[in-house]
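The following questions and answers examine a single structure. Please consult the sequence and coordinates as each point is discussed.

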Amino acid sequence: MSEPSAVPDRSNAPPHGVLMPALPVGRVLDVVRAPAHVLSTPGAAVDPADPGVAQLAADLLATQEVSPGCVGLAAQQVGRALRVFSVDVTGHPRTRTCHGAFVLCNAEVVEASRRERGREGCMSVPDLTGDVKRARRLVVRGQLPVTGKEVTVETDAFEAVAIQHEVDHIDGLLFLDRVAGAHALHPRQRYL
């Protein structure tokens, strides 16, 4: 575990953003790697108003923020089998709709359509990427940490893929469980 770092003020969410409640100061946590058992453990539902859940939400955002190329992080990836994840696709070149940085608790996919194959990677599987078929239009419902307010996020393109990837994590799945076979796995490119 690293030194604590402040979670930036997210009260000025983008126009289509999710307005996050104030969170405690987030800590940067170590990311768990496959084949750790917690990564294949479906998450337990949480009470979003629990102070421990608010701290986890802040920790996920803080860890994601210092991890280059990371657009989402689930509780399983920091060693906790809970239904909590963060997403932030801000500035990613494949992003069309962007809700800013947010955390959802107890999220469920309500509607998914327009499935297409695309390449995915994961911080918990650092040496591989894989071709995964995901919906490009998505509606997901969940609760915000701290307040427990229920929100519905309607999105598309890259943000839809990122959310589905994180929902898989809280369901105990990795992208490796979604690839069509060994032919759909690729060594991750390293750039100097």
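**Cysteines, core and strands of a predicted model**

The structure, a predicted model, holds zero disulfides.

Q: Which cysteine sulfur is nearest to that of C70, and how far away is it?
A: C70 takes part in no disulfide. A disulfide requires two cysteine sulfur atoms within 2.5 Å. The nearest cysteine sulfur to C70 belongs to C122, at 8.5 Å.

Q: Is C70 buried or exposed?
A: The cut-off for a buried residue is a relative accessible area under 20%. The value for C70 is 12%, so C70 is buried.

Q: Which residues touch the most other members of the largest nonpolar core?
A: This core has 39 residues. The elements that give two or more residues to it are α1 (51-65), β1 (72-74), β2 (84-87), β3, β4 (125-143), β5 (150-156) and α2 (157-170). Another core, of ten residues, lies apart from it and includes V32, C122, V179 and A184. In the largest core, the residues that touch the most other members are V84, F85, L104 and I163.

Q: Which residues does V84 contact, leaving aside its neighbours within four places in sequence?
A: V84 is one of the residues that touch the most other members of the largest core. Beyond its sequence neighbours within four places, V84 contacts V46, V53, L56, L60, A74, A75, V103, L104, C105 and I170.

Q: What is the C-alpha to C-alpha distance between A107 and G142?
A: A107 lies in strand β3 (residues 102-122) and is buried, with a relative accessible area of 0%. Apart from neighbours within four places in sequence, its contacts are R83, F85, V140, R141, G142 and I170. A107 and G142 are 35 residues apart in sequence, yet their separation in space is 4.0 Å.

Q: How many bridges join β3 to β4?
A: The two strands are joined by a hairpin through two residues. C105, for example, has Q143 in β4 as its bridge partner. The strands run antiparallel, and the number of bridges is 14.

Q: Which residue in the turn between β4 and β5 has a positive phi?
A: β4 and β5 run antiparallel and are joined by seven bridges; V139, for instance, pairs with E154 in β5. Six residues lie between the two strands of this hairpin. In the turn, the residue with a positive phi, about 80 degrees, is V146.

Q: Which residue in β6 is the bridge partner of T129?
A: β4 is joined to strand β6 (residues 185-187) by three bridges, and the two run antiparallel. The partner of T129 in β6 is H186.

Q: How many residues of α2 are buried?
A: α2 has 14 residues and reaches 21 Å from its first C-alpha to its last, close to the 20 Å expected at 1.5 Å a residue. G172, whose phi is positive, near 85 degrees, follows this helix. α2 is mostly covered, and its buried residues number 14 of 14.

Conventions:
Residues are numbered from 1 along each chain as its sequence is written. This is a predicted model: local features need pLDDT of at least 70, side-chain atom pairs count only at pLDDT 80 or more; totals for chains, interfaces and linings use all residues. Side-chain values use heavy atoms; hydrogens and water are left out. Helices (H or I, at least four residues) and strands (E, at least two) are DSSP runs, numbered from the N terminus. Buried means under 20% relative accessible area, exposed over 50%, partly exposed in between (1.4 Å probe, protein chains only). Contact means heavy atoms within 4.5 Å. A nonpolar core is a set of buried Ala, Val, Leu, Ile, Met, Phe, Trp, Tyr and Cys residues joined through side-chain atoms within 4.5 Å. Two strands pair if DSSP finds at least two bridges between them. The expected span of a helix is 1.5 Å times one less than its number of residues.
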